[in-house]
Amino acid sequence: MLKDTDQTVRPKSGNPYAADAVADSVQKRDSLKPRLDGQGRTADFFRSVDSAPVGVSVARPRWVQDVALVTFTFLAIILLALPELARATLDLAIPRDFVGFTADRMNAVLPVRTFLLSFFLTYAVFAHGTFGKRTVLAFSFIVKFAIACILVDLAAWASWRWASAVWPVHFQQFLVGMAGLAIFPHTLISQARLPISSGTPVLRGGKLHEYAILFVTGAIAALIAVLVSTVYAPEAEYLRSIALLGGMGPGVFLAQQVMGVQLALIGWIRNQLSRRRAFAPPVAVMIPAHNEAHQIRETLLAVDAAAARYKGDVRVIVMENCSSDDTAQLAENTLAKCEHLAGWRVDASTIPGKARALNRGLDLIDESFVVRIDADTVIGRDALRIGMRHFATNAVGGVGGLPLPHEGEGLLSKVRAIEVLLRHGFVQVGFGAFGGVFGLPGMFVIYRKTALDEAGGFTEGMNGEDTDITLRMASLGYRMVADPKAKFYTETPDSLAFLREQRTRWFRSLYHVTAHNRDVLFRHGSVIGNVSLPFTLLNGARRAMMTPLLIYGFVVFFLFGGVYGHPGFATVIAVIMGMPFVLALFVLILWRRLDLIPILPLYMGFRFLRSYYTLGSTLSLIYPGKAIERAFDAPKPRQKPPFAS
């Protein structure tokens, strides 16, 4: 290994050309070394083969989604204008927003259908595939969406015809909107080239108490929403007018948040009970590392500090994965200085890919519990001790924690802190209330080794191997625990390129993981397959549509404000920002992070940047021309029959 030196290199002979030869040699050597930034990182250190796995994704330039948004804007204007032009020039009474039947079919109130149609057509135009495949994709969107609209309108007509009950047009549009959120992921998963089913059997069926928790909390939330809209009608109207209750009344917006608060409380209590017993068996810490020379030292020292507070043995294995910097050497130097480890090893892999490095690491582990830590993650001093306590219960297969950003990394780290507290410090805890946790971030997660082996190890060649393995373990009957008391600290992207690469990879993984575990969806009564995963898919679709929805809201408000009585400006802002803002404020107060409250407006804006990257991640999926080409058999080298697909 070449090392820098301050010593002057001198020729050994009197050859006058020797000095020039040596100088050329040194210059050549230096030119081969990767250039480092001010933090000792190589250029594009965050990119790897996992940035766009071959076969199931493609790296697309940013301008694709930029042009897609511009196209969406013009298409939406055209579709909104068509009924008005027909009325003005042809004197045709064409219903607005493609509504077939309502109490007032001439006033759709909320042009939801036009938005979804514009979004679906734009997505099909810019999807990655042949012209023929993109045409088929557009046709698929249109047919499914037309069927959904017809069914909703027929139901409204039947209610009016046979029950003398008129559905509010808002309710019809809400149902169509929910159908649109479901159509988007369904079409992507059925048409894109994605991993085939893992073949993991779904052994964990639904439990009565899990569904009872959902039913009771949902009923209480609905009751509170009804009370607010009736008993406190003036107050609710005021909150609606300032965009805090959805712009159309409390209803679903308030009920969803009230239900979430109840579930988070139950999940918190369940975590308290789960970690009540001490448990400290030997553990092996596995750290995959690719170009992490700038961070690996802090990561390893943090593990050593956590080992000092953990009563069992801690052994560390660093899986160096084709780095172009000095990651391996720095890891060895740091590990040699650690004082509380029972042993350590640095293993170099010649085949790129995080999942491959992880599977290689599993071959080197005999301990009953495996701790996976990313090389840019610093775990808290009590993370091991707290996380391992949950494994005193044999049913627990995996435990994750709270992935906070490193302090002092600028405004983006504060925005990330709000995002983490909402997702992992609130929503994920709520999922735990009814056994619905299925994804644990791979930055820091503890596995039961027998569960890992039974599930077949990590899947290679796709994004989201961390969520995939925990979902397969959950399907086998193991419980996943998300305990925010086990804190760890992760690197926050410090450039838009880094952030885009990270979020594109994260958001794309939703479709990779869902396709690979499609057997769990709506089968066997699984609460994960019936509730958690569908909710996550709907939320993913909503996130992809947020930025187009904001654009659409401004188009309707400024260009068609005289046509549609709704949405008012408050409605547009409320749907996108209202209740999320209130919920974020509540969570920050709950976590006593009052210092982050001034950052909330910035976080609300960040949600649109996140939506922009989400849309880009879906456009990076591949749509092959033939149905047979959609199947991608993701390698699972540790999986054994009978589960191998």
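Reader: Quick one to start: is tyrosine 123 buried or exposed?
Author: Buried: tyrosine 123 has a relative accessibility of 3%, and under 20% counts as buried. Keep in mind that this is a predicted model.

Reader: And tyrosine 623, buried or exposed?
Author: Tyrosine 623 counts as buried too, at 3% relative accessibility.

Reader: What's the geometry between those two rings?
Author: The ring centres of tyrosine 123 and tyrosine 623 are 6.2 Å apart with the planes at 85°. Planes over 60 degrees apart count as edge-to-face, so that's what this pair is.

Reader: Where do the two sit in the fold?
Author: Tyrosine 123 is in helix α3, while tyrosine 623 is in strand β11 (residues 622-623). The pair therefore ties together parts 500 residues apart in sequence.

Reader: Ok, back to helix α3. Which phenylalanines lie there 4 residues apart?
Author: Phenylalanine 115 and phenylalanine 119, about one turn of the helix from each other. Phenylalanine 115 is buried at 6% relative accessibility, and phenylalanine 119 is buried at 3%.

Reader: How many aromatic pairs in total?
Author: The count comes to 23. In the pair of phenylalanine 115 and phenylalanine 119, the centres are 6.3 Å apart and the planes at 25°, so it is stacked.

Reader: Which aromatic cluster includes Tyr123?
Author: One that also includes Phe115, Phe119, Phe72, Tyr552 and Tyr623, among others.

Reader: Switching topic: what does arginine 161 lie over?
Author: The face of tryptophan 162, at 4.5 Å from the ring centre. Arginine 423 also has its charged end over a ring, that of phenylalanine 431, 5.8 Å from the centre.

Note on methods:
Residues are numbered from 1 along each chain as its sequence is written. This is a predicted model: local features need pLDDT of at least 70, side-chain atom pairs count only at pLDDT 80 or more; totals for chains, interfaces and linings use all residues. Side-chain values use heavy atoms; hydrogens and water are left out. Rings of Phe, Tyr and Trp (its six-membered ring) pair if their centres lie within 6.5 Å; planes under 30 degrees apart count as stacked, over 60 as edge-to-face and the rest as tilted. Buried means under 20% relative accessible area, exposed over 50%, partly exposed in between (1.4 Å probe, protein chains only). A charge sits over a ring if NZ of Lys or CZ of Arg is within 6 Å of the ring centre and within 35 degrees of the ring normal.
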